[in-house]
Amino acid sequence: MNKLLKNLCIPFPQDDIEWRIQQTGIARGLPWGVVFAYVTNRAIMDRLDEVVGPENWTNDFTQSPNGGVLCTLGIRVDADGDLGSWVYKTDGADNTEIERVKGGLSNAMKRAGVQWGIGRYLYRLPRTFATFGDTGIKAKIEGEWYRWLPPKLTEEFLPPKTKTKKGDK
């Protein structure tokens, strides 16, 4: 892999990760929910700016055949790790129920980023469950509202810790 583009694949800090409930239910009178993690769209744009520079990436959106959105993410690269020719990768998403167009654009961009390896490591997360309690994000499960807290990523899914010199704080 191109040395420069390898930096796109570095894990993100916890603050750049959001969680969404994928499946829910009630068992023994208690709510449960399987959640999945994804990188925020802003974090993807920041990563592209940091790694290749804002002038060396572009995105283009078109309507997909089913009415959703396709995002083509182009990065200027060449085989020696320098910036050269444009390479494009495309992925798509349906429009969302909340902020239909904005949500569709954002989700398509996230999926196109995964084509470049951005956040792809999150697909290796084990099956993860939400913690339900008195605070957190609202979720409607079988007609009732509950609150859940997103899990914390383990160290293996976070950026490498930087070594500090003795005496540094």
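In which helix is the place of Glu 50? Glu 50 belongs to helix α2, which spans residues 41–52. The legends below describe close-up views of a predicted model.

**Figure 1. Overall architecture of the predicted chain.** The secondary structure of this predicted model consists of three helices and nine strands. Read from the N terminus, the elements follow the order α-β-β-α-β-β-β-α-β-β-β-β. The chain has 169 residues, of which 38% are buried.

**Figure 2. A negative surface patch that includes Glu 50 of helix α2.** Four acidic residues, Asp 46, Asp 49, Glu 50 and Glu 55, form the patch. Glu 50 has a relative accessible area of 65% and is therefore classed as exposed, the cut-off for that class being over 50%. Helix α2, which holds Glu 50, covers residues 41–52.

**Figure 3. The loop between α2 and β3, with Gly 53.** Gly 53 is located in the loop that leads from α2 to β3 (57–63). With a relative accessible area of 10%, Gly 53 is buried, because the class takes in residues under 20%. The C-alpha atoms of Gly 53 and Ile 75 are 9.7 Å apart in space, while the two residues are 22 positions apart in sequence.

**Figure 4. The salt bridge between Arg 111 and Asp 91.** The chain contains two salt bridges. In the pair shown here, the closest N and O atoms of Arg 111 and Asp 91 are 3.5 Å apart. Arg 111 lies in helix α3 (residues 100–115) and Asp 91 in strand β5 (residues 85–93), so the contact ties together parts of the chain that are 20 residues apart in sequence.

**Figure 5. The salt bridge between Glu 155 and Lys 161.** Glu 155 is exposed, with a relative accessibility of 58%. Lys 161 is likewise exposed, with a relative accessible area of 68%.

**Figure 6. The open sheet of β1, β2 and β6.** Three strands are arranged in the order β1-β2-β6, and their pairing is antiparallel. Strands β1 and β6 (128–129) stand at the edges with a single partner strand each, so one side of each lacks a neighbour in the sheet. Between β1 and β2, which run antiparallel, there are 10 bridges. Within this pairing, Thr 24 stands opposite Gly 33 of β2. In a regular strand, side chains alternate between the two faces of the sheet.

**Figure 7. Arg 28 in the loop between β1 and β2.** Arg 28 sits in the loop that joins β1 (17–27) to β2 (30–39). The phi angle of Arg 28 is near 55°, a positive value in a residue other than glycine. The relative accessibility of Arg 28 is 85%, and the residue counts as exposed.

**Figure 8. Pairing of strand β9 with β7 and β8.** Strand β7 (residues 131–133) pairs with strand β9 (residues 144–149) in the antiparallel sense, over three bridges. Thr 131 has Leu 149 of β9 opposite to it. Strand β8 (residues 137–141) also runs antiparallel to β9, and five bridges join the two. Lys 138 has Arg 147 in β9 as its bridge partner.

**Figure 9. Glu 142 in the hairpin of β8 and β9.** The hairpin has two residues between its strands, and Glu 142 is placed in this loop between β8 and β9. Phi of Glu 142 is positive, near 50°, in a residue other than glycine. With a relative accessible area of 63%, Glu 142 is exposed.

Conventions:
Residues are numbered from 1 along each chain as its sequence is written. This is a predicted model: local features need pLDDT of at least 70, side-chain atom pairs count only at pLDDT 80 or more; totals for chains, interfaces and linings use all residues. Side-chain values use heavy atoms; hydrogens and water are left out. Patches are made of residues with over 30% relative accessible area and no salt bridge: like charges are joined within 9 Å, nonpolar side chains (Val, Leu, Ile, Met, Phe, Trp, Tyr) within 5 Å. Accessible areas come from the Shrake-Rupley method with a 1.4 Å probe; for residues, only the protein chains shown count as cover. A salt bridge is a side-chain nitrogen of Lys or Arg within 4 Å of a carboxyl oxygen of Asp or Glu. Lys and Arg count as positive and Asp and Glu as negative; His and the chain ends are not counted. The place of a charge is taken as NZ of Lys, CZ of Arg, CG of Asp or CD of Glu. Helices (H or I, at least four residues) and strands (E, at least two) are DSSP runs, numbered from the N terminus. Buried means under 20% relative accessible area, exposed over 50%, partly exposed in between (1.4 Å probe, protein chains only). Two strands pair if DSSP finds at least two bridges between them.
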